[in-house]
Amino acid sequence: MDHDSDENLHSVRITARGAKAAIEIDGQRVDPGALSGYTLTHREGEPPQVVLYSGDYVDSVFEGLARVSVADMPAPGPAAAVFLSAIDAEELERCALARPDLGTGPHSLTQAMLTQLVEWAHGL
């Protein structure tokens with residue numbers, strides 16, 4: 001079991017406290033301002049994998065060998081386009097008009113629709 005050769009593995013230490021994390025790769029601290037986030041995954045039989053996103057965390061500590069990748073955060077446009085293309089305009093209008101927070105001022109229907117879309121995006 002060579003795990004894609006151990007030379008691709010790096011020593012990783014992640015110490016997360018609330019919305020902050022200190023990350024060290026091979027003993028070198030990563031500048032926290034250079035990152036917008038990270039993911040840590042681990043599948044049985046494989047070494048953990050850490051993906052650092054260039055560019056806030058739960059209390060935890062990870063220390064060990066892991067594959068490390070640096071990725072760009074995906075552009076939100078394509079996901080938003082897929083989400084919005086699935087919206088039924090009639091249902092959106094009906095839900096927005098039925099909202100208890102629907103105002104009577106200018107743009108209140110648009111605001112209600114945007115609020116409804118945000119709630120749907122969050123699964124509410």
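**Figure 1. Trp120 in helix α3 of the predicted model.** Trp120, which is found in helix α3, counts as partly exposed because its relative accessibility is 22%, where partly exposed covers the range between buried, under 20% relative accessible area, and exposed, over 50%, for a 1.4 Å probe and protein chains only. Helices here are DSSP runs of H or I with at least four residues, strands are runs of E with at least two, and both are numbered from the N terminus. Leaving out residues up to four places away in sequence, Trp120 touches Phe83, Ile87, Glu91, Leu92 and Cys95, contact meaning heavy atoms within 4.5 Å. Trp120 and Ile87 are 33 residues apart along the chain, and their C-alpha atoms are separated by 9.6 Å. The model is predicted, and local features need pLDDT of at least 70, side-chain atom pairs count only at pLDDT 80 or more, and totals for chains, interfaces and linings use all residues. Residues are numbered from 1 along each chain as its sequence is written, and side-chain values use heavy atoms, with hydrogens and water left out.

**Figure 2. Helix α3 and its buried residues.** Helix α3 runs over residues 108-121, and its 14 residues reach 20 Å from the first C-alpha to the last, close to the 20 Å expected at 1.5 Å a residue, the expected span being 1.5 Å times one less than the number of residues. Ser108, Ala112, Gln116 and Leu117 are the buried residues of this helix, and the buried residues of α3 pack against α1 (76-85) and α2 (89-97). After α3 comes Gly123, with a positive phi near 80°.

**Figure 3. The packing of α2 against α3.** Two packed helices are described by the angle between their axes and the distance between the axes. For α2 and α3 the angle is about 110° and the axes are 9 Å apart, the axes being lines fitted to C-alpha atoms, for helices over the stretch in contact, with angles that run from 0 to 180 degrees between N-to-C directions. α2 is therefore roughly perpendicular to α3, a term for angles of 65 to 115 degrees, while those under 35 count as roughly parallel, those over 145 as roughly antiparallel and the rest as oblique. On the α2 side the contact is made by Glu91, Leu92, Glu93, Cys95, Ala96 and Leu97, and on the α3 side by Leu109, Ala112, Met113, Gln116, Leu117 and Trp120.

Figure 4. Apart from neighbours within four places in sequence, Arg99 is in contact with Ala112, Thr115, Gln116 and Glu119. His107 also lies in the loop between α2 and α3, but this residue is exposed, with a relative accessible area of 66%. Most residues other than glycine have a negative phi, whereas His107, not a glycine, has a positive phi of about 65°.

Figure 5. Strand β2 (residues 20-25) has Ala21, Ile23 and Ile25 on its covered face, and Lys20, Ala22 and Glu24 on its uncovered face. β2 pairs with strand β1 (residues 9-17) in the antiparallel sense over six bridges, two strands being paired if DSSP finds at least two bridges between them. Ala16 stands opposite Ala21, and in the hairpin of β1 and β2, with two residues between the strands, Gly18 takes a positive phi near 60°. β2 also pairs in the antiparallel sense with strand β3 (residues 28-29), over two bridges, and Gln28 is the bridge partner of Ile25. The hairpin of β2 and β3 likewise has two residues between its strands, and Asp26 in its turn has a positive phi of about 50°. Asp26 counts as partly exposed, at 44% relative accessibility.

**Figure 6. The largest nonpolar core.** This core has 11 residues, Val12, Ile14, Ala16, Ala21, Ile23, Ile25, Val30, Leu35, Tyr38, Val50 and Leu52, a nonpolar core being a set of buried Ala, Val, Leu, Ile, Met, Phe, Trp, Tyr and Cys residues joined through side-chain atoms within 4.5 Å. Two or more of its residues come from each of β1, β2, β4 (35-41) and β5 (49-54). Val30 touches Ile23, Ile25 and Leu35, not counting residues up to four places away in sequence.
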